[in-house]
Amino acid sequence: MPDQQPNKPNGVPDDANTELSSAFPQTPTLGAMEVEGMLEKEDLTHAPEQSTETVAVADREVPRSLWQDAWRELRHNPIFIISGILIIFLIIVAFFPGLFDSTSPLKCDLSKSQNGPTSGHPFGFDTQGCDVYARTIYGARASITVGVFATLGTALLGTIMGGLAGFFGGPLDAVISRIADIFFGIPILLGGLVFLSVIPSRSIWIVVAFIVVLGWPQIARIARGAVITARQQDYVTAARALGAGNPRLMLRHILPNSLAPIIVVATIALGTYISLEATLSYLGVGLKPPTVSWGIDISAAADTFRNAPHMLLFPAGALCITILAFIMLGDAVRDALDPKLR
Amino acid sequence: MGRYVIRRLLQMIPVFIGTTFIIFAMVHALGDPVAALFGDKAPDPAVAAQIRQQLGLNDPLIVQYGNYMKGIFTGDLGTTFSGQPVTELLKTAYPTTLKLTLVAFTFEVIIGIGLGVISGMRRGKLADTGVMVMTLIVISIPTFVIGYVLQYLFGVKWGIADATVPEGAPIQSLILPGIVLASVSLAYVARLTRTTIAENSKADYVRTAVAKGLPRRRVVTHHLLRNSLIPVITFLGTDLGALMGGALVTERIFNIHGVGYYLYQGILRQNTPTVVGFVTVLVIVFLLANLLVDLLYAVLDPRIRYA
């Protein structure tokens with residue numbers, strides 16, 4: 001063993017050996033086989049050096065995974081910190097709106113209709129005489145719920161469909177890809193106008209379901225590409241040779257290695273889904289009162305925008321800040337997870 | 001090239017049938033066109049039955065869809081509830097929307113790619129940071145908010161542009177709506193162009209071009225841009241769908257009597273033939289645009305042609 005030491009690259013210590021012995025528990029160490037085993041070891045110890053030639057490997061003893069690397073990068077990214085704090089704040093507002101406001105968004109006084117900001121009511125009143133500040137605070141819940149659950153839904157459905165298509169290929173791939181093309185062929189806003197306008201009761205969950213149904217092909221395409229790339233890697237061949245079945249290959253080997261691009265696209269999509277919900281509500285096919293939503297408020301305020309701009313500007317401002325926070329988060333995550341951009 | 005075109009055309013057939021069928025089925029399965037015809041009043045059952053018979057609503061959905069498709073290929077999209085043929089309505093509405101979309105598309109291409117090139121060439125400099133921050137802000141403001149604010153500022157407060165678009169929609173009055181419609185897509189185009197330019201400017205062929213002494217201008221236009229624009233063109237194709245959807249919003253803000261306006265009216269009144277007809281036509285335009293982009297893609301990138 002010691003004679004092998006000089007050949008080894010500096011940054012990769014015993015760690016690689018333990019990895020090796022776990023992957024090949026019965027490495028032959030006897031007779032003529034020993035040389036072969038050593039050669040193999042050498043190759044494997046060289047390999048990680050070449051493939052992960054990032055600066056990070058050189059300055060630390062233990063090679064880190066993509067996720068640790070990304071997390072390290074994120075912690076030092078001011079954009080991530082700012083958007084993270086904003087998002088935590090928004091989530092608190094969405095869960096506990098009562099903490100920030102004592103008046104109810106549905107308690108309105110017509111005599112104050114369209115009044116501007118006064119003390120105690122910093123954002124003024126809308127046409128129905130409701131407190132715009134209260135409505136802005138309570139509106140966070142609808143937007144964030146739709147954004148988060150639509151993203152989770154599309155990511156889940158898209159990953160499953162795209163993953164199956166990419167993993168099995170052949171006819172299944174052809175079928176899933178064509179189905180994805182069909183849903184991709186309906187522009188989402190047009191589809192919203194048609195589908196949601198014929199559904200009489202539109203709760204938050206209907207809107208979420210609609211976005212998932214029309215939004216999954218975007219993720220599926222990314223997932224399919226990532227899975228096809230991962231499937232051709234040597235570690236998958238190795239795992240298959242060791243007898244791993246399809247489910248194990250998919251869940252343990254391919255999924256973790258194709259997750260990064262999916263997460264990136266999904267995080268950026270979150271912001272656009274919030275914007276989409278507001279646009280649908282604005283067009284009158286999204287959420288309906290008494291649900292308090294920024295889109296509904298902006299839509300209602302639009303007609304009298306010239307006389308009472310505060311009714312539109314405050315909920316619109318809150319909406320923009322929310323979308324901005326999520327898109328900034330998506331940008332930061334992409335920069336961290338996509339080593340090509342570094 | 002020929003085989004690629006044929007394969008692409010064949011692939012479009014199931015997509016076309018699937019998309020139109022989903023729209024058709026959703027509208028017919030979830031809404032009742034006869035009840036909508038009577039508005040809030042309950043129809044007389046006998047009359048309702050007769051109308052059902054007339055419109056062929058008693059046939060199975062597949063048969064109805066088949067009849068509808070037959071109509072589309074012979075240029076008949078049915079009649080609206082007011083008795084006007086849908087194609088006629090489309091003829092009055094579509095040119096306006098087409099004009100608006102073209103104005104927006106021009107802004108998107110010129111300003112979007114221009115900003116992207118500037119910022120990609122000067123990565124990390126002030127201009128780059130400025131473009132990035134600006135596009136980030138534009139992306140996070142929904143189109144309708146940008147629309148109202150710009151309409152108020154330019155149209156009402158400063159009086160520079162028309163606040164609403166008059167009948168006939170002359171081009172100069174469509175500039176402001178066009179910018180509003182293009183804004184979000186424009187920001188995406190700028191960002192995408194920046195990324196590909198920045199990536200490709202380190203490529204070997206660019207270095208070769210610089211090394212053999214070509215003027216910078218030629219390196220950028222003939223070598224760098226030609227290669228970097230391929231993903232941008234793909235984006236522009238899929239973005240046509242977003243533009244058409246966005247046109248609904250923009251047309252409502254600026255009171256433009258285009259496809260979006262009539263579509264919106266049709267939805268408010270549950271005028272099924274109008275809605276299905278208009279959306280089907282828009283989807284066909286979208287699919288054709290994507291097909292065109294794919295073919296263009298093959299022209300630009302020989303690797304796809306010969307694959």
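This is a predicted model: local features need pLDDT of at least 70, side-chain atom pairs count only at pLDDT 80 or more; totals for chains, interfaces and linings use all residues.

Visitor: Let's begin with chain B. How many helices and strands does chain B have?
Guide: Going from the N terminus, the elements of chain B run α-α-α-α-α-α-α-α-α-α-α-α-α. The C-alpha atoms of that chain fill a box of roughly 85 × 55 × 30 Å along the principal axes. The count for chain B is 13 helices and 0 strands.

Visitor: What does UniProt say about residues 275-300 of chain B, and how far apart are the end C-alpha atoms?
Guide: The unreviewed UniProt entry gives "transmembrane region" for several stretches of chain B, including 100-119 and 275-300. In the model, residues 100-119 of chain B are 100% helix and 0% strand, with end C-alpha atoms 28 Å apart. Residues 275-300 of chain B are also 100% helix and 0% strand. For 275-300 of chain B, the end C-alpha atoms lie 37 Å apart.

Visitor: Which residues does Leu150(B) touch, leaving out those up to four places away in sequence?
Guide: Leu150(B) sits in helix H7 (residues 143-157) of chain B. Leu90(B) is 60 residues away along the chain, and the C-alpha atoms of Leu150(B) and Leu90(B) are separated by 29 Å. With residues up to four places away set aside, Leu150(B) touches Gly155(B), Leu176(B) and Val180(B).

Visitor: Over to chain A. How far apart are the end C-alpha atoms of residues 258-276 of chain A?
Guide: UniProt, again in an unreviewed entry, marks "transmembrane region" at stretches of chain A, among them 204-223 and 258-276. Residues 204-223 of chain A are 100% helix and 0% strand, and their end C-alpha atoms are 27 Å apart. Residues 258-276 of chain A are 100% helix and 0% strand, and the distance between the end C-alpha atoms there is 27 Å.

Visitor: How do H11(A) and H12(A) sit: parallel, antiparallel, perpendicular or oblique?
Guide: Helix H11 (residues 246-282) of chain A and helix H12 (residues 294-302) of chain A pack at about 40°, with axes 7 Å apart. An angle like that puts H11(A) in one class relative to H12(A): oblique.

Visitor: And by class, which residues make up the contact of H11(A) with H12(A)?
Guide: H11(A) passes H12(A) in a right-handed crossing. H11(A) brings Ala278(A), Ser281(A) and Tyr282(A), while H12(A) brings Gly295(A), Ile296(A), Ser299(A) and Ala302(A). Sorted by class, the tally is 4 nonpolar, 3 polar and no charged residues.

Visitor: What's the class make-up of the contact of H8(A) with H11(A)?
Guide: Helix H8 (residues 188-197) of chain A and H11(A) pack at about 45° with axes 11 Å apart, and the two are therefore oblique to each other. Their crossing is right-handed. From H8(A), Ile188(A), Leu189(A), Gly192(A) and Leu196(A) meet Leu276(A), Thr279(A) and Leu280(A) of H11(A). By class, that comes to 5 nonpolar, 2 polar and no charged residues.

Key:
Residues are numbered from 1 along each chain as its sequence is written. Chains are lettered from A and ligands numbered from 1 in the order in which they are written. Side-chain values use heavy atoms; hydrogens and water are left out. Axes are lines fitted to C-alpha atoms, for helices over the stretch in contact, and angles run from 0 to 180 degrees between N-to-C directions. Helices (H or I, at least four residues) and strands (E, at least two) are DSSP runs, numbered from the N terminus. Angles under 35 degrees count as roughly parallel, over 145 as roughly antiparallel, 65 to 115 as roughly perpendicular and the rest as oblique. A crossing is left-handed if the near helix is turned anticlockwise from the far one by less than a right angle, and right-handed if clockwise. Contact means heavy atoms within 4.5 Å. Ala, Val, Leu, Ile, Met, Phe, Trp, Tyr, Cys and Pro count as nonpolar, Asp, Glu, Lys and Arg as charged, and the others, Gly among them, as polar. UniProt positions are given in the numbering used here, feature names are shortened, and annotations may be inferred rather than shown by experiment.
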